[in-house]
Amino acid sequence: MKAISINDGWIDTRFDECTQIANGQVSPLDDDFKNLPHIGPENIERESGRIHGVQTARELGLQSGKYYFDENALVYSKIRPNLNKVCRPQFKGICSADAYPIWAKENVDIKYLHHFMLSPAFLSQAIVVSLRTGMPKINRADLNKIRIPLPPLPEQKKIAEILGACDEAIEAQERLIALKQQRKKGLMQQLLTGKTRFPQFAGKPWREVKIDSLLREVKRPVEWNDSERYQLLSLRRRSGGPFARESLLGSQIKTKTLKKVHAGDFLIAKMQVTHGALGMVTRDFDGWKVSDSYICLVPRNPESFDIRFFNYLSQNRYIWHLAYVSSYGVAIEKMTFVLKHFMKKEIRIPPTKEETSTIADCLDAANEEITLQQQKLEQLKQQKKALMQQLLTGKVRVKV
């Protein structure tokens, strides 16, 4: 099918009319290729196209045939197109047979092509054609049929420049978040160990106490009703905190022994504790329910101990380690957590609740700043998506 004019110099064309997909594979054992970097789908970040973790063919011990690409090519993962993995390496290398090296023809700017292939317009078409095969994969013939709205070359370059600026802003925001996360990690290492003290608390030594002198278990059984809807809570691994699991009618839930939790409760997932599934319930999940496989701990005396301090210890892996050594079993996936052993473990804490609360307030502030910057990052990503939908379809034109 020939290209079709759609908008004052724009044409609607097929993928194969403006690109060239690599043909023929090379051996990663040959001297010309064994020291070249290798890119597989696992090395391409979804949606952004960033490349990470690349090694040479020799380092990876590769033997089967690969595709060669140069500085002017894109590399597109044909496996699971819904992940939308396409990168622009700008160096010579070889790529997995699960990917295609792609070159732009003379009337196409490679940067514009890259942005289009990362866009919702390309992704939606790729998903549709991949579903026809019954496998999460897009073949060469179907890829070549994808339609591309193509403006004149100068406009392509301008659009790519604008979207490239969006990428730079996103990357700068990600770097800022990483710096703030690193700063928080440093604060935790200093404040949660007593290495750094606030001036008003200096001079009073920290003390070692057993966990059961600070916390106690509570059980708030839920009165069962098959017609009632229950909002279920779960815990991420690696002390990642709570998240919404699902909302189900009582008749849909197999276990009939749910427990109610409140903000400030400290939860331990007995079946996942070796993977760090423990953490404090936040205000967003106050009143939600958990299964009987969760242990719920609260302060014995809220007037003398701030449980937020204990929660931050868990994020610093210290409580996670104590929970791990309070479990037994041959295989890590089948280890059993023993609460009474855990409660007898000792931890170091500040001498007063005032100091534990001051430390927690400081780390809360660091968290809030990170959350704010993450929200700004999401806004930037959404702004870029909106621009892509407008600029890459010709709905909004740019001046050249």
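Which backbone nitrogen does the side chain of Ser96 reach, and at what distance? It is the backbone nitrogen of Asp98, at 2.9 Å. Before going further, keep in mind that this is a predicted model.

You'll find Ser96 in the loop that links β9 (93-95) to β10 (99-104). Who is around Ser96? Setting aside neighbours within four places in sequence, Ser96 is in contact with His38, Ile39, Gly40, Pro41, Lys66 and Tyr67.

## Another loop residue, Asn43

His38 turns up again when we look at Asn43: apart from neighbours within four places in sequence, Asn43 is in contact with His38, Arg50, Ile51, His52, Gly53 and Val54. Asn43 belongs to the loop between β4 (37-39) and β5 (55-56). Is Asn43 buried or exposed? With a relative accessibility of 7%, Asn43 counts as buried. The chain also brings Asn43 and Cys87 to 9.5 Å from each other, C-alpha to C-alpha, although 44 residues separate them in sequence.

## Two loop residues with positive phi

Gln90 isn't a glycine, yet its phi is positive, at about 65°. Gln90 sits in the loop between β8 (86-87) and β9, and it is partly exposed, with a relative accessible area of 48%.

Arg238 is the other one: its phi is near 55°, again a positive value in a residue other than glycine. Look for Arg238 in the loop between β14 (229-235) and β15 (242-249). At 59% relative accessibility, Arg238 counts as exposed, because the cut-off for exposed is over 50%.

## How the helices pack

| Helix pair | Angle | Axis distance |
|---|---|---|
| α7 (residues 307-315) and α10 (residues 353-391) | about 55° | 8 Å apart |
| α3 (residues 110-117) and α6 (residues 153-191) | roughly 60° | within 8 Å |
| α7 and α8 (residues 318-325) | roughly 75° | within 4 Å |

Start with α7 and α10, which pack at an angle of about 55°. That angle makes α7 oblique to α10. The way α7 passes α10 is a left-handed crossing. On the α7 side, the contact is made by Arg308, Phe309 and Tyr312, while α10 brings Thr356, Ser357, Ile359, Ala360, Asp361, Leu363, Asp364 and Asn367. Sorted by class, this contact has five nonpolar, three polar and three charged residues.

Moving on to α3 and α6, their axes cross at roughly 60°. So α3 is oblique to α6, and the crossing of α3 and α6 is left-handed. Lys111, Tyr112 and His115 of α3 make this contact with Gln156, Ile159, Ala160, Leu163, Gly164 and Asp167 of α6. The class count here is four nonpolar, three polar and two charged residues.

How are α7 and α8 oriented to each other? Their axes cross at roughly 75°, and α7 and α8 are therefore roughly perpendicular to each other. In this contact, Phe310, Leu313 and Ser314 in α7 meet Tyr318, Ile319 and Trp320 in α8. Five of these residues are nonpolar, one is polar and none is charged.

Thr356 is buried, with a relative accessible area of 1%. A polar atom of the Thr356 side chain lies 2.7 Å from the backbone oxygen of Lys353. Not counting residues up to four places away in sequence, Thr356 touches Phe305, Asp306, Phe309 and Pro350.

Ala165, in turn, is found in helix α6. With a relative accessible area of 42%, Ala165 is partly exposed.

Terms used. Residues numbered from 1 in each chain as written. Predicted model: local features only at pLDDT ≥ 70, side-chain atom pairs only at ≥ 80, totals over all residues. Heavy atoms only, no water. Polar contact = N/O pair within 3.5 Å; in protein donor to acceptor, adjacent residues only side chain to side chain. Contact = heavy atoms within 4.5 Å. Axes fitted to C-alpha atoms, helices over the stretch in contact; angles between N-to-C directions. Parallel < 35°, antiparallel > 145°, perpendicular 65-115°, else oblique. Left-handed = near helix turned anticlockwise from the far one by under 90°. Nonpolar A, V, L, I, M, F, W, Y, C, P; charged D, E, K, R; others polar. Buried < 20%, exposed > 50% of the residue type's maximum accessible area, 1.4 Å probe, protein only.
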